[in-house]
Amino acid sequence: KGDNSFYTNYIDGSRNYEDFITGDLVQYVEKTYRAKPGGRWRTIGGTSMGGFGALKIAFKHQKEYSAVAAHSPIVFLADPAQMSDQTKNSGRFEWFTRMITPMFGSPVDVERWRANNPLDLAKTANLSGVRIYFDYGTADRYNQSIGLGQGLKALDTVLTERQIPHTFKEHPNEPHGWELVSLHISESLTFLCESFK
């Protein structure tokens, strides 16, 4: 589940979730199962915090994954210090900042944040050859508190302006996370599997 890590290595090196996904897990799968080695035959996906992790990892390690799919991914418009007053007063902001301290510090190390936030990564990463799918529901509970929909629309804009092919879907009146996944997993799995053709 990632232990609220956003699939990011801890500053102190005690827990390295990104390294686990991109290194240990890949090695285990390729050693244990009949999996073809190399990024051409590898995709990644997730939902909510896992969607953040999937996008982040695919954008940072673009040669290691041929496609990424993310349902309701948590994508932030800004680093925590720059977040809107509405977000800061949402009642969950203090909990959120405590949760991300092991990965990003307190106060937040802005450069480290930008090096891991999918929206910031999308502005400069070489994403040619990576197929990208992400979606969210307009009834997502995080639309108001952290501006999830705004973050995803911003990501769509960045990718469009950079002429990076991608699929972005906004589902009217649909919820967050696993509920959204249950409605659209056939779309995202088909998208990922098409990468192997």
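The model is predicted: local features need pLDDT of at least 70, side-chain atom pairs count only at pLDDT 80 or more, and totals for chains, interfaces and linings use all residues. Residues are numbered from 1 along each chain as its sequence is written, and side-chain values use heavy atoms, with hydrogens and water left out.

Start with the interior. In soluble globular proteins, nonpolar side chains tend to be buried together. Here the largest nonpolar core holds 43 residues. (A nonpolar core is a set of buried Ala, Val, Leu, Ile, Met, Phe, Trp, Tyr and Cys residues joined through side-chain atoms within 4.5 Å. Buried means under 20% relative accessible area, exposed over 50%, and partly exposed in between, with a 1.4 Å probe and protein chains only.) Phe6, Phe59 and Ile132 have the most contacts inside this core. The elements giving it two or more residues are H1, helix H2 (49–60), strand S2 (67–71), helix H4 (93–104), helix H6 (118–122), S3 and helix H8 (148–161). (Helices, H or I with at least four residues, and strands, E with at least two, are DSSP runs numbered from the N terminus.) H2 supplies the largest share, seven residues.

Ile132 shows how the packing reaches along the chain. Leaving aside neighbours within four places in sequence, its contacts include Leu55, Phe59, Val68, Leu159 and Phe191. (Contact means heavy atoms within 4.5 Å.) A second, separate core has five residues, among them Ala67, Ala69, Phe191 and Leu192.

Phe191 and Leu192 are also among the buried residues of H9, as are Gly177, Leu180, Val181, His184 and Ser188. Strands S1, S2, S3 and S4 are among the elements that cover them. H9 bends by about 70° at His184. (The bend at a residue is the angle between axes fitted to the seven residues ending there and the seven starting there.)

Now the charges. The whole structure has nine salt bridges. Arg131 and Glu194 pair at 3.4 Å, N to O. Arg131 lies in strand S3 (residues 131–137) and Glu194 in helix H9 (residues 177–194), so the bridge ties together parts 63 residues apart in sequence. Arg131 is partly exposed at 28% relative accessibility, and Glu194 is partly exposed at 35%.

Glu187 bridges to Lys169, with the closest N and O atoms 2.9 Å apart. Glu187 sits in H9 and Lys169 in strand S4 (residues 167–171), 18 residues apart.

Elsewhere, Glu30 and Arg42 meet at 2.5 Å, N to O. Glu30 is in helix H1 (residues 17–32) and Arg42 in the loop between H1 and strand S1 (43–47), so this pair joins parts 12 residues apart in sequence. Glu30 is partly exposed at 26%, whereas Arg42 is buried at 12%. Glu18, Lys56 and Lys60 form a network of salt bridges.

Finally, Asp140. This residue lies in the loop between S3 and helix H7 (142–145). Asp140 is buried yet has no salt bridge; Arg141, the nearest side chain of opposite charge, is 5.9 Å away. (Lys and Arg count as positive, Asp and Glu as negative; His and the chain ends are not counted.) What does the side chain of Asp140 reach? The backbone nitrogen of Tyr142, at 2.7 Å.

Conventions. Salt bridge = Lys/Arg side-chain N within 4 Å of Asp/Glu carboxyl O. Lys, Arg positive; Asp, Glu negative; His and termini not counted. Polar contact = N/O pair within 3.5 Å; in protein donor to acceptor, adjacent residues only side chain to side chain.
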